[in-house]
Amino acid sequence: MRARPRRAMQAPAVTAPLLEARKLAKFYPVKGGARGARLHAVDVVDLVIGQGESVGLVGESGCGKSTMARLLARLVDPTSGAVVLAGRDIAEVSQARFARTPDRARIQVVFQDPTESLNPSFRVFRAVADPLRRLRGLRDASEIEARVRRAAELVGLPVELLQRYPHQLSGGQRARVGIARAVVVEPSLLILDEPTSALDVSVQAVVLKLLAELRDRLGMSYLFVSHDLNVVRLLCSRVAVMYLGKIVEVGPTEALFIDPRHPYTAALVGSIPDPARRGAARPRLDGSPTSPVDPDPRTCRFYSRCAKSIDICNRVMPLLRTVDRDHAAACHLA
Amino acid sequence: MSFVTLARNTRYAFGENRLTLIAVAMLGIMVVCAALGPLLAPYDPLMTNAAVKLAPPSAAHWFGTDVLGRDILSRVIVAARLDLGMAVSAVVLSFGAGLALGAAAGYFGGWTDAIVGRVMDTIMAFPLFVLAMGIVAALGNSVLNIIIATMIINLPFYCRFARAEVNVRRELGYVEAARMGGNTALQTLVNHIVPNILPPMMVQASLNMGWAILNAAGLSFIGLGVRPPTPEWGIMVSEGASYIISGEWWAFMFPGAALVAAVFTFNMLGDGLRDLLDPRKRV
Amino acid sequence: MTAQLVVENLSLRFRTRYGNVQALDGVSLTLGKGEIVGIVGESGSGKSVTAYAVMGLLDDTADVTSGRINMGGAEILKAAPDVLNALRGREMTMIFQSPRTALNPIRKVGRQIEDVLREHGNVPARELRREAVAALARVRIPDPERRAEAYPFELSGGMCQRVMIAMALACSPSVLIADEPTTGLDVTTQAVIMDLIRDMSRGGDMATLLITHDLGLAGEYCDRIAVMHAGHVVEAGPTEAILTKSAHPYTRQLLAATPTAETRMEELSAIPGSLPDLRSPLPPCRFVMRCARRQPVCDEAPLRWRQCGPDHVVRCRLPL
């Protein structure tokens with residue numbers, strides 16, 4: 001069926017953990033609902049990102065992946081749980097206090113829409129230099145300039161563009177500026193929230209190759225949040241699948257795509273447009289997720305849409321358990 | 001949008017719109033009058049001359065004379081300084097305070113927003129001109145108090161606008177990036193958000209100027225603030241109004257026309273600025 | 001196969017402040033009954049402009065400089081406004097990119113479908129509600145009776161898109177134009193919506209024009225694909241041929257830049273350069289500035305179509 005050989009299933013490299021989410025949860029109070037009703041955006045999640053590892057985070061809209069990314073980026077404070085960076089729980093201090101610690105520079109974010117993520121009244125140089133001044137406390141103009149230039153060169157941004165305003169740049173150039181701004185402070189972890197979804201396919205290719213190259217050169221870890229599974233497959237060595245605030249499966253990329261153990265992952269993978277399957281009727285996942293407000297703790301979240309559900313799925317919430325080497329799924333039937 | 005685009009589009013927008021050009025020219029004339037008033041006036045605006053009282057416009061007195069024989073043209077020219085001065089001062093103060101309060105309310109939300117909101121609601125609960133009258137009456141009859149009164153009644157306008165503009169931008173990527181880049185909330189607001197809301201706020205300020213002039217003149221018209229014999233358009237209209245029936249129309253008409261011209265100028269300028277900044281009009 | 005829609009040599013430009021934008025140049029394509037044809041291109045390629053031209057929705061700033069559009073016998077470019085209004089909604093319909101914004105936010109969805117039926121269908125007034133609910137059921141919206149009373153903001157993105165499809169198909173048109181119908185939807189919802197479009201299209205013997213930037217999507221759902229670049233159709237043919245035996249350098253590069261299930265990072269390649277400025281004078285082939293195979297002959301006018309396979313044409317001097 002497929003003309004080309006598959007990529008080998010890589011044995012996952014065991015690396016020292018860089019960032020760990022332990023029992024991380026974010027609940028939002030719901031206005032106008034029952035008293036005390038809370039929306040479980042991220043519902044007690046564990047996730048480990050190793051040094052130099054690229055982890056993908058996928059799921060439908062509303063599954064909590066963006067909230068998870070923002071929790072790990074310390075842009076929001078969790079309701080409970082810990083975010084451990086190199087042994088220290090950085091969730092203990094409030095987000096505002098954290099912004100003034102040196103650890104802030106270790107985790108940076110590349111945002112989704114390059115147009116929105118650049119300040120229209122800042123020239124590119126200032127946009128990239130600002131974190132240097134604030135986070136690294138640099139004052140020396142020549143040193144700032146040297147670092148900004150180096151960042152520009154790393155991302156392939158021509159030096160003359162440094163004096164331009166964002167509206168004078170193309171989409172791809174803006175994306176590069178966003179990346180330059182994030183890497184100029186030399187972070188250990190780069191969180192990318194749908195960095196290429198607003199870009200044309202040809203520009204996306206350039207940015208993806210850039211990200212891969214940067215990762216190899218600078219040794220950064222990535223948390224890559226995306227709904228485009230093919231892109232995640234390209235860039236990440238491990239993937240976590242979220243559904244209604246919980247991680248339902250996590251494992252090496254190829255294993256997840258070739259042999260998904262959770263029905264939701266299987267549905268996701270099966271929904272990717274595939275020219276080779278033209279005309280074939282494939283099993284489809286219809287309907288919408290159940291409400292994330294006060295979900296029933298005794299039922300699998302996916303129960304209502306699952307084609308394979310059995311009686312126990314409605315009585316006991318399946319926990320994430322190992323089903324294969326470094327591969328875990330939260331399903332009674334995995 | 002940036003000031004760069006502003007400058008680039010200025011030539012284009014102004015070139016395209018005749019009315020805006022006219023408004024700019026008129027603004028120029030008014031500023032010159034305000035700056036050089038006493039030098040330009042043909043007569044001493046305070047000098048009375050009973051012999052020529054209520055004389056119609058003539059070669060000697062282009063705008064005629066008032067009931068005390070003072071040259072109306074001179075008084076109109078010199079009054080520009082006071083009227084424009086009061087309006088500009090009030091607008092600048094209003095703009096500054098409104099920007100600060102509104103931006104803080106829009107960004108921080110919570111109690112800040114609640115308190116600022118209630119204060120603005122209180123101001124807006126009154127018919128604004130009546131409130132201004134009340135403030136001047138309470139604080140005392142002086143030019144400074146006219147400025148303060150005008151500033152207070154204009155405050156909600158800027159405050160609401162700044163709040164809305166900041167609110168819209170608060171969730172944008174570059175604001176989050178600023179926080180990620182180590183900026184405190186206040187630094188983010190002042191250095192990253194506020195520069196972006198200045199252009200639209202300046203449009204509002206320009207449109208508001210006309211209103212501020214009318215307000216100041218209106219207060220003087222009813223006898224608050226400016227005292228005779230100070231030349232000021234509002235007072236002049238008030239004094240001249242008594243003579244409409246007897247047919248000496250020039251006494252109120254010329255200062256009135258000056259007021260109309262001033263308001264028209266700022267409104268046209270504001271429209272021109274708004275066109276400049278309208279993203280849909282740019283290709 | 002009888003062609004339901006024929007676009008022949010369509011060229012048009014937009015008059016703007018900063019010059020004339022040569023938006024389309026010599027665009028030709030045909031659409032037959034029961035076919036799904038995809039127009040694939042990046043932003044700025046002219047695919048949406050083509051769709052709007054076909055629907056007769058261009059505004060005054062557009063000047064058609066050549067070509068014709070024939071929809072089931074009617075000449076779109078020459079038709080009077082009332083003729084076009086009668087055609088739109090009944091014979092040819094369109095579904096748009098952002099479902100929630102394309103629906104009227106202050107009108108219940110059931111009423112919006114009734115509006116279409118009232119205007120274009122021959123449905124007696126007392127049957128309108130029943131027909132609207134039936135239309136919702138046809139697009140497999142669960143509990144259609146209740147959903148008909150919902151406002152767009154109460155429905156998810158996927159549901160809104162189904163409502164839009166229901167509105168478009170309410171009068172059984174012969175041509176459906178889908179302009180990026182699944183952008184912004186989750187991949188699972190996208191699959192369901194595209195399956196629906198495909199089933200409705202085949203079942204109703206409709207001709208469907210699918211506009212998308214996603215080559216993979218077009219690959220799975222379209223019978224034929226036309227690739228556009230900078231206002232030109234550069235290649236058109238059966239899907240299989242376009243994906244495996246493409247003849248135009250741009251198509252090849254687009255394929256190489258699109259990640260698939262098997263792509264490895266080393267294989268992913270970018271397309272050099274960027275779109276030419278459509279306001280300035282342009283060479284006959286608009287891809288020359290970005291093409292590695294460029295030769296002097298490429299600058300000679302005119303650039304004609306070449307046959308490179310059954311039903312497969314390419315607009316290139318040196319096809320691959």
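How many residues of chain C are in contact with chain A, and how many residues of chain A take part? In this predicted model, 33 residues of chain C are in contact with 33 residues of chain A. On the side of chain C that touches chain A, the elements giving two or more residues are helix H8 (187-203), helix H9 (215-221), helix H10 (239-244) and helix H11 (249-257) of chain C. Of these, H8(C) gives the most, with six residues. Sorted by class, this side of chain C holds 13 nonpolar, 13 polar and seven charged residues.

Chain C as a whole contains eleven helices and twelve strands. Its radius of gyration is 20 Å, close to the 20 Å that the globule rule gives for 320 residues, so chain C is as compact as a globular protein of that length.

Chain B, by contrast in its secondary structure, has ten helices and zero strands, and its elements, read from the N terminus, follow the order α-α-α-α-α-α-α-α-α-α.

| Chain | Extent of the C-alpha atoms along the principal axes |
|---|---|
| Chain B | roughly 75 × 45 × 30 Å |
| Chain C | about 70 × 50 × 40 Å |

As for burial, 47% of the 283 residues of chain B count as buried, and buried residues make up 47% of the 320 residues in chain C. Among contacts with a separation of 6 or more, residues 24 or more positions apart account for 71% in chain B, while in chain C residues 24 or more positions apart account for 64% of such contacts.

Conventions
Residues are numbered from 1 along each chain as its sequence is written. Chains are lettered from A and ligands numbered from 1 in the order in which they are written. This is a predicted model: local features need pLDDT of at least 70, side-chain atom pairs count only at pLDDT 80 or more; totals for chains, interfaces and linings use all residues. Helices (H or I, at least four residues) and strands (E, at least two) are DSSP runs, numbered from the N terminus. A residue is buried if 20 or more other C-beta atoms lie within 10 Å of its own, exposed if 12 or fewer, and partly exposed in between; C-beta atoms are placed from the backbone. Two residues are in contact if their C-beta atoms, placed from the backbone, lie within 7 Å. Ala, Val, Leu, Ile, Met, Phe, Trp, Tyr, Cys and Pro count as nonpolar, Asp, Glu, Lys and Arg as charged, and the others, Gly among them, as polar. The radius of gyration is taken over C-alpha atoms; the globule rule is 2.2 Å times the number of residues to the power 0.38.
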